[in-house]
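Take a look at the sequence and the structure. The paragraphs below go from domains to interfaces to sheets.

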Amino acid sequence: MPSLGTSFGRGGATTFQQDLQNADCIVIMGSNMAENHPVGFQWVMEARERGAKVIHVDPRFTRTSAMATKHVGIRAGSDIAFLGGIANYILEHDLYFREYVEKYTNAPVIIDERFVDTEDADGLFSGWDPEAGRYDIESWRYEGMEVHGAAGQRGEGFEPSGEQSGHGAAGGGLHHGEPPAEDPELEHPRCVFQILKRHFRRYTPEFVAETCACSVEDFVEVCETLAANSGRERTSAFCYAVGWTQHTTGVQTIRSAAIVQQLLGNIGRPGGGIMALRGHASIQGSTDIPTLFNILPGYLPMPHTLSYHKLKNFIDSNTSPTGWWGEFKSYWVSLMKAYFGEHATEENDWLFEELPRIDSDNSAYFTVQQMLAGNVKGYIIAGENPAVGHANGKAHRLGLAKLDWLVVRDVVEIESASFWYDGPEVESGELKPEEIPTEIFFMPAAAHTEKDGSFTNTQRLLQWHWQAVEPKEDCRSELWFYFHLGRLIKQRLEDSEEERDKLIKALRWEYPTHSGIREPDAEAVLQEINGWEIESGKFLTGYPELKDDGSTVCGCWIYCGCFKDGINQTARKKPHWEQDSYVAPEWAWAWPANRRIIYNRASADPDGKPWSERKRYVWWDESDGSWTGLDVPDFKEDKEPHYVPPDDAEAEEAIAGGHPFIMQADGRAWLYVPQGLEDGPLPTHYEPHESPFDNPLYAQRANPRRQQNKDLAEDPYNPVADEPGSDVYPYVVTTYRLTEHHTAGGMTRSVPYLAELQPAMFCEVHPDLAREVGLEHGGWATIYTSRSAIEARVMVTDRVRPLQMKDGRTVHQVGLPYHWGKRGLITGDSANDLAHMALDPNVHIQEVKAFTCGIRPGRRPRGPELPKFVAELREQARSRLEASAVEPPTPGRTSRTPSASGGRGEQDPRVESEEARKTSS
Amino acid sequence: MREELHPLSDLNGKPPGTTSWSGSITEAGTEMRSYYGRPIVKEPTWTWEIPTYFFTGGVAGASAVLSSAARVSGNETLARRALYIGTVADLVSPALLISDLGRPERFHHMLRVVKVTSPMNLGSWILLVNGGATTTAAMLQLLGKWKPVRIAASIVAALAGPPLATYTGVLLADTAIPVWHEGRHELPWIFGASAAASAGAAASIFVPPRDAGPARRVAVAGVLAEGALMQAMELRLGKVGEVYHEGEAGKLSWAAKGLSLAGAALLAKRGRKSRASAVLGGALVCAGEVCLRWSVFKAGFQSARDPKYVVESQRGRVEQDGTKATTKPGDSPAPPSRGA
Amino acid sequence: MALSKLLESWPVLRQLREGDPLGLGKAVQSPRSQMLVPRIDEAEHVVHSICPYCAVGCGQLVYVRDGEVTHIEGDPASPISRGRLCPKGQASKSYVQSPLREYKVKYRRPYGTRWEELSLDDAMDMIADRIVETRAKTWRKKTGGGAPANRTMAIGNLGGATLDNEENYLIKKLMTALGIVQVENQARI
Amino acid sequence: MNLLQDLLEQPTGDPDGWDAYGDEQQERVGFFTDTSVCIGCKACEVACKEWNLIPEDGRVWTGESYDHTSQLDANTWRHVAFVEQRKPLIGDGNGDGSTGLRWLMESDVCKHCTHAACLDVCPTGSLFRTEFGTVVVQQDICNGCGYCVPACPFGVLDKRHLEATTDPPPAFLGRKEDGRVWKCTLCYDRLKGGHEPACAKACPTKSIQFGPLEELRERADARLAKLEAENWNGAQLYGRDPDDGVGGFGAFFLLLDEPEVYGLPPDPVVTTRDLPEMWTNMLAAAGTLLAGVAALTFLGRRG
């Protein structure tokens, strides 16, 4: 979640669902909230009943649109154009919340003169290194700001790039909270405000209408509604989900919303904010306490192979002199004490040298490629279904078939456990069970009613669920499985002298167990997460109490306080009718420090008074000299509003009284992100990796920094834009969920009452497309891409609008729910088999919300005919592409010189950018 | 690869498969005057036993009357045999009804209550009375014992006969199925006439022509009355009655008319002279009456299956008299609802 | 005696006695209907839980009797959901008692063509052995470029945004100590 | 005949068979389903099936928008209807500029009529008026005669052909089918325990509102006025008026189009209203039959 992390300082929803009832306007975009978060949607309905405007911007007219006061249909993949257009409209018509922008954002900051915007480099920011295919972010920094990380760091080949600065540990090099150069009048040509204005000046309503295929009137109405419902008296909220994140420009899309909400002054205020709607029960929890490759609990970065050889460098480069990241060391040391107990000492740098290092991408998609290359021998899957849920299901199933051993833990036998005898590749003959070497252990899992534990929901709320019944027979919780697995491994390596085993032997792994099956006590683990003072054993009440001398233990510093006073705060169930405000702080526990709206200092003006009575939330109480309000203030209790930090102030002290974003180095929201993102300080419209269109703004068609698998045979790409061969896959396809099913279907296709509510895989197409291709409502269609082909029942509906493009062309969109697979009471083909594995550079998330496909009537070929059918079409497209390579590049158009090793036409950004430079200069 | 996409064909008789909308489902939703053409009222769950019972119940009811009337007019042979016919019909009828029940072992629950609002409940009691009385009379007649009791029983049977023969008309009419409910004025009469025809025909078969005069006359009168009443009903039904000219109901309706009239003609012309013609005529009329019962029965199914019958008939009524079913904003008070 | 009881309970008589001549109400009410008790009032205990599906985090009440879940419905106390649930959350009981639920370990030998039985303890031992063995064979002290690595790139762990925080904590803690860095979950997908 | 007439003359206000409860009588409760806030999530369908342990009944992809349940029947006591239309939701233009789409969603249920045809025609007294004024099928009484199925003007009830899951038929009959009729009980057992019905509790946006009928009717009037003020197209209440053909619904609706578009009858009337006329008609027919046969027996030759 680096977009919210870099913009505001923390990677999580800035508000909570019940607060949506206070919104005067709610924009739901990149989300289908009524279908995928129906019970959360009650709060949007409460707002609507009070007269709030509910705007749904989505390629399809869905059950959310049915409830919205306004639905605007846009082209899948054109979200940044739309949001950039809103930002431009707000700036052009002076509709922004002047005082908020001036005081609470980094609008006044002047940027280094070496910075070059995409408007001046035809789609590329300064610092683009064509060879490495990456940006050197030095030119993006604040003027006069020492680049993050001491000079010594550079000596060891440390190149400051977006990734390593860690989430939220932003702008390390700023001295005492005030950026060196600023123009409070926001007039300076190189101040962030003016850069922003220039950056979006071409995102006019006409541009938006053409790029997003919506009407100018609709777009303007959205801008006007948003502006009219922002400012002192009124607030607007944004709700988004994977409709925004699952793009090669996913992170930048959310950045665009962060910019709009900062300009309108809606962050940190009741009825405002950005509501990130997560898909799984504990997605937020699984990034706070991450089973992710690049971070440790509390968003502490994993040490990297390219840098941080010594603990000191690691600590310095991640310690921001100002803001709460200034206490980085105490978070780190407390975590090491939690992991290794007395084995981690000051002398051995808390075992820093023994810790494993990561590369810039060890994500799940990297692992799949490693599997295909035969480098991965063993894989454990717990409560996930990559064979259906991940993009390019076929590549995953082929990868799993190359493992030596595989452990799958789930409640039912999901596709990832049955690929070897029931997978599509077995049906097509590409895989034969007797030739698949993978040894597979299917371990039945306990359900949520059979184990204690906490989920962290979409509003950073940790909620405890108590065990109701004992798990039956071999069913076990993941707590049981990993605890006893660790115990068995430690037993085996007890007296090993190997250096590699030093860490596992040092691991603190004693947890009390209970009941016949020796289930570890989940509350004991939560206590370790909360942390305690070693000497007194007293539970800590909050991260300010963490020490960096090894005297405190804390499994996750942002969760510190969840077991305050020895009580499981997450298990508090005080009914809301017994609490005096809708904030209901005594139900469960929210991180950080039980705050429900974060950055809520911004709900008060610089003097600490609420912006308006109607939007009162947190304010400065002059009489008892402290911040107070409906929620836990997200500010130092007793820091008065006009506090000016002394020059030598460190960490939290360095944050001024008028700066609400206490995690940021300069205490302010970042319209412009000098550091922390891979693909630019400002969001720019790029076309999806596979799109029928060129970039209307620049020669740089798609995100130059996106990750592509250029020479991976299993991930071929469709020809795009007006490349010859792109007409084989002419339609825009978007995937999505339904209310009745959940993600990859593992938890719903096995449930009778849900199976009968949506019994079959189907595609949604517009009557014009149906007529054009000969599709019949209720009949069958085969949808195909370079990766695979699937079949689906046909739903001909006006709800999937055709796109009238500027050049008179009509391009059609195809909607595909992605819940189906070959197992369960109802089965069907998986939409994600069609998707490619080009990824967003910051979070390595796949682009399944917008790619291209072809469609034809009838069911798909069976058996070996299927791969043949897919290959024929792929070759047909590629051959036309290669034939076109001989023509000279047309001026003003980026030529596509296909690389020899397969992959698709628009290949190596390096090749392209040279062209771009030549043509654009 | 599991070929059939829906492993479970739909269990509960729900019409599978898709609608016939060729365009977009949005276009369908915009124009349709029903919910994708699906029924509004439900087809009955009754099966073959019920129309068969209408026939046997009719025979039982009318035979009881015929038998007593013959007795009083001194025609012993007709009286005795009509009583036996009635008894057979009275014994077959409950068996049919019990077999049709979803839970036959709970047939006695029919006698758990007496509900004037339930034709089937009162019908059960009527059948009990008529059946009991007829069977008692027949047994006593067979044994030649307790004459006064037999006479009393046959009187009770005769009095309970006509209600037994006609309540089934009310039973069908007292539903929400347009063709049955709108036919409520004629259905009891049609069923009465049909009962008479059936009983008369049955007696004509089993009673020598010389004694079967009354039977033949009842049969012919029944057929004629039924034919006239059917016409009257269809006239009143208008569009709702078109089911009698379509599908199975249509075919059965033609068969009923043809067979009954032929039988009646034969009975009338040659019934008196030749036993063979009497038997044939009687059989034809019986067959005709069975077809009539099935025709009315099937008409109900067809009338329920197509929602237009419910929608158009009720929309017609709403245009004329307004409705209180919907309350529109700023609704002007609808004209006073019609008297019962 | 039976006769009097019959007469007393026969609805026909109750129609007259209890002022329900049409036999539409009280007179025809059966004893079973009269003494009806809702299942949730017969539960031995109720547990506060949270729905396992999406991240709204609706509160759930899980009713238990004789060691079995008898019903799951919304928890009115929750300020987020106020006792309401979506179709998935409401189907939680059918999820935890799904006809397709697996209760036994299943093992597929390399190149095997069918699942085989395996005890839970044996499975745990075999998995532990494979981790120790694979890790030993593929351990990298340094990367190709000589940078410190301390890891094995031959083992990965996937999951899980559907798991509890405590479970994710143990997974990351164990995998980090084992030098397994390819640890991922749905937050990325 | 007037005795019959009077007996059947429906006291328009109270549901028939309810007054016999005396002090046991509770306040009449029901549903008000406001389809203008229904998000078509089908939580009500699942909540009903989970609570009442209803067997699942067929996975047929119907192509009728997002509705694959199709109708109320023995195994579906809550059915959410979906109707996509090229009509704006509010005023002249909403949704995407050009056509203006709206997507009607409605959770249909048994109407628990004040004068209920199913209740009237039930020959065994299995269907009965409860102390809450609702209409319930007693599964220990119903013998599957099926008379209520065609009697209901809304087609709510149906016989269950699936294998019996409770009180199975005796083995010697050799039948597996449940054979009884099932429908929404307005959670009669939950009401007895003082709980609200399962569907009303689950409904995320309170489209389904449960409560005392009078209170619901007032709320519905206010809601209709508000929608009228906000210029919603086609807003109308369905079954609110106690003078309608069934004496007012126990579960009534706020719809956004004519009832038939949702598969609901435009002017439902309880068939019992015409029953007195039918009975008199029958007696006349019976009399005629009696006289006719007698006459034909006497007037005319023996042979």
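What follows is a walk through selected parts of the model.

The model is predicted: local features need pLDDT of at least 70, side-chain atom pairs count only at pLDDT 80 or more, and totals for chains, interfaces and linings use all residues. Residues are numbered from 1 along each chain as its sequence is written, while chains are lettered from A and ligands numbered from 1 in the order in which they are written.

Start with chain A. Its domain assignment gives domain 1 (2-143 + 181-276) and domain 2 (726-920); such bounds come from an automatic or database assignment. The C-alpha centres of domain 1 of chain A and domain 2 of chain A are 28 Å apart. Their contact takes 29 residues from domain 1 of chain A and 33 residues from domain 2 of chain A. Here, two residues are in contact if their C-beta atoms, placed from the backbone, lie within 7 Å. On the domain 1 side, the elements giving two or more residues are α2 (33-36), α11 (242-245) and α12 (250-263) of chain A. Helices (H or I, at least four residues) and strands (E, at least two) are DSSP runs, numbered from the N terminus. By class, this side of domain 1 of chain A has 10 nonpolar, 13 polar and 6 charged residues. Ala, Val, Leu, Ile, Met, Phe, Trp, Tyr, Cys and Pro count as nonpolar, Asp, Glu, Lys and Arg as charged, and the others, Gly among them, as polar.

Now turn to chains B and D. In this pair, 101 residues of chain D contact 99 residues of chain B. Several elements of chain D give two or more residues to its side, including α1 (2-8), β2 (78-85) and α7 (213-229). The most comes from α8(D), with 18 residues. The chain D side divides into 50 nonpolar, 29 polar and 22 charged residues.

β1(C) pairs with β2 (residues 59-65) of chain C over 6 bridges, in the antiparallel sense. There, His48(C) is bridged to Leu61(C).

Note on methods. Pairing = 2+ DSSP bridges.
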